[in-house]
Amino acid sequence: MTSNSELREMSDEQLEATAAEAAADLFRLRFQSQSERLNTPSDIRKNRRLIARVKTIQTERSKAANNNTPAEA
């Protein structure tokens, strides 16, 4: 599990890769939960929260980048 500080240190490309990997894991876990019993059902929640943290950091970065660019008239 990656912490918030570890996520904030990642580059934008690394964040995208982490989100894509977590989404793939989430899909696999959801599929597995419907077809068989999961060993650790809490993994679904952990992956959802990881995706949410990554998206939050990406949104914060994009807003900060938009605020730092000069406004065109």
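**Packing of helices H2 and H3**

H2 and H3 are roughly antiparallel to each other, a label for angles over 145 degrees. The model is a predicted one, in which local features need pLDDT of at least 70, side-chain atom pairs count only at pLDDT 80 or more, and totals for chains, interfaces and linings use all residues. Residues are numbered from 1 along each chain as its sequence is written, and side-chain values use heavy atoms, without hydrogens and water.

The two helices (DSSP runs of H or I, at least four residues, numbered from the N terminus) pack at an angle of about 155 degrees, and their axes lie 9 Å apart. H2 passes H3 in a left-handed crossing. By class, 11 nonpolar, four polar and seven charged residues make up the contact of H2 with H3.

Ile-44 touches Leu-26, Leu-29, Ser-33 and Leu-38, not counting residues up to four places away in sequence.

Asn-47 also deserves a look. This residue lies in helix H3 and, at 11% relative accessibility, counts as buried (under 20% relative accessible area, with a 1.4 Å probe and protein chains only). Apart from neighbours within four places in sequence, Asn-47 is in contact with Ala-22, Asp-25, Leu-26 and Leu-29.

Technical notes
Contact means heavy atoms within 4.5 Å. Axes are lines fitted to C-alpha atoms, for helices over the stretch in contact, and angles run from 0 to 180 degrees between N-to-C directions. Angles under 35 degrees count as roughly parallel, over 145 as roughly antiparallel, 65 to 115 as roughly perpendicular and the rest as oblique. A crossing is left-handed if the near helix is turned anticlockwise from the far one by less than a right angle, and right-handed if clockwise. Ala, Val, Leu, Ile, Met, Phe, Trp, Tyr, Cys and Pro count as nonpolar, Asp, Glu, Lys and Arg as charged, and the others, Gly among them, as polar. Buried means under 20% relative accessible area, exposed over 50%, partly exposed in between (1.4 Å probe, protein chains only).
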